Amino acid sequence: KGLVPAADLQSFTEYLSGCKRVIALLGAGISASSGLPTFRGAGGLWRSYDATSLATPEAFQRTPGLVWQFYSYRRHMALQAEPNKAHYALAELSRRNEDFITLSQNVDGLSQRALHPSKQLHLLHGSLFDVKCTSFYCNYTRENDFTDPLVPALDIPKMASGLHPSATDKTGEEAAKAIHNALGTGEEVDISDASNPIPHLSEDDLPKCPKCKTGLLRPGVVWFGEALPEKTLSEVDRWIAAGPIDLCLVIGTSARVWPAAGYVDEARSQGARIAVCNMDSNDTPGELHFGDWFFQGDAGVIVPEILK
Ligand code: BJW
């Protein structure tokens, strides 16, 4: 027996079977059942920092070592995680329906690893596995670099213990394992106490641009105040303008970050009915209308059930 009330499941699956143009907006909640923390809920802390406060160009300018450690930790955790059934169900729907596109705010690479067809997957906020040069005069970018750690100073197990990266350390590996196990359980991941100091990294310890040799590299993600990738936005705009939309799936996002959240209204203005899947019944993109659906629960369970 599934988790979704039978009447809702029936009305939704009947409607879905007649849908042509479908759009999905994904957020961190879809990867929560793979063990990755969300931004604004439980686990939205990294050490004692609010995750969103580190996702800014100002934070990187002020403390590049701190921000790189945060992203290195995220890269490491994303590589340890596996795509879940929701990622696979969406990839499968894309193969069944060429008129289905997914807009993902996630940078964790899990949709790609679930073999989501890339033409139908639009990454609004970039990827943890892309890097780019911060020098104004250099245009260097590198995609899909899964090296972990990118440089020795960003070695997570050793960082977690607070020891200098040159030290070999068993306790550090155990600490990293404990942190990984705590993720997604709702327990606070707090490695901020004095026994786990954050190592101070100087710019010399951080990844450098191989092209200009002087610029610092940065993660290829979109921070607050930065523009989303132009090519992605124009592809999505073209798809939205191409005709009426039947359905918009909104999965595991608080829908508070713009312009991503605005796509739900755009889809509605093109005629779409909205189906939300979220753990929290307060996290809906504005008011739901008559004929919309709200599926409460873990996306990793609900999404495969409703897209079956
Ligand atoms: C589960 C679950 C389970 C848990 N199953 N569910 C208009 C109005 C107001 C503000 C703005 C505006 N336009 C622009 C702004 C400013 C700003 C913004 O939106 N601010 C708001 C916060 C107010 N936007 C920007 O700055 C954007 N840039 C921009 O607009 O530029 C304009 C420009 C143009 C030209 C030149 C220059 C500039 C950029 C936004 C970039 C956001 N970046 C981040 C970081 C990415 C890198 C990284 O990952 O570190 O993106 S912030 C963070 O939030 C990340 C996420 O993708 C994004 C969305 O978060 P998400 O995914 O929704 O996560 P949560 O944690 O919020 O929610 C998780 C949900 O899952 C919850 O609802 C849970 O209940 C649920 N859940 N477990 C199902 N198992």
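Student: What makes Cys-212 partly exposed?
Tutor: One caution before that: this is a predicted model, where local features need pLDDT of at least 70, side-chain atom pairs count only at pLDDT 80 or more, and totals for chains, interfaces and linings use all residues. Residues are numbered from 1 along each chain as its sequence is written. Now the label: a residue is buried if 20 or more other C-beta atoms lie within 10 Å of its own, exposed if 12 or fewer, and partly exposed in between, with C-beta atoms placed from the backbone. Cys-212 has 13 other C-beta atoms within 10 Å, so it is partly exposed.

Student: And why does Cys-209 count as buried?
Tutor: Cys-209 has 20 C-beta neighbours inside 10 Å, so it counts as buried. Cys-209 sits in the loop between α8 (170-182) and β8 (217-221), and Cys-212 is found in the loop between α8 and β8 too. Those element names are DSSP runs numbered from the N terminus: helices are H or I with at least four residues, strands are E with at least two.

Student: What does Cys-209 touch?
Tutor: Contact means C-beta atoms, placed from the backbone, within 7 Å. Not counting residues up to four places away in sequence, Cys-209 touches Cys-133, Ser-135, Cys-138, Tyr-140, Thr-214, Gly-215 and Leu-217. With its neighbours within four places set aside, Cys-212 contacts Cys-133, Ser-135, Tyr-137, Cys-138 and Tyr-140.

Student: Where does UniProt put the "binding site" feature?
Tutor: The unreviewed UniProt entry places it at Cys-133, Cys-138, Cys-209 and Cys-212. These are spread over 80 residues of sequence but cluster in space, with a largest C-alpha distance of 8.9 Å. Keep in mind that UniProt positions use the numbering here, feature names are shortened, and annotations may be inferred rather than shown by experiment.

Student: Why are β7 and β8 said to stand at the edges?
Tutor: The open sheet has three strands in the order β7-β6-β8, with antiparallel pairing. β7 (141-142) and β8 each have a single partner strand, so one side of each is left without a neighbour in the sheet.

Student: How many bridges join β6 to β8?
Tutor: Four bridges join β6 (residues 126-133) to β8. Pairing takes at least two DSSP bridges between strands, and four were found here. In one of them, Gly-126 has Val-221 of β8 as its partner.

Student: Why is the ligand said to lie between the domains?
Tutor: Both domain 1 (1-36 + 83-125 + 228-308) and domain 2 (39-80 + 127-221) give residues to its shell, so it lies between them. The bounds come from an automatic or database domain assignment. In total 35 residues surround the ligand, the closest being Gly-27, Gly-29, Gln-105, Ser-254 and Asp-283; to count as near, a C-beta atom placed from the backbone must lie within 6 Å.

Student: What makes Ala-255 buried?
Tutor: Ala-255 has 21 other C-beta atoms within 10 Å, so it is buried. Ala-255 lies in the loop between β9 and α10 (262-269). Leaving aside neighbours within four places in sequence, Ala-255 is in contact with Val-250, Ala-261, Val-264, Asp-283 and Pro-285.

Student: How far is Ala-255 from Ser-135?
Tutor: They are 120 residues apart in sequence and 32 Å apart in space, C-alpha to C-alpha.

Definitions and conventions
Two residues are in contact if their C-beta atoms, placed from the backbone, lie within 7 Å.
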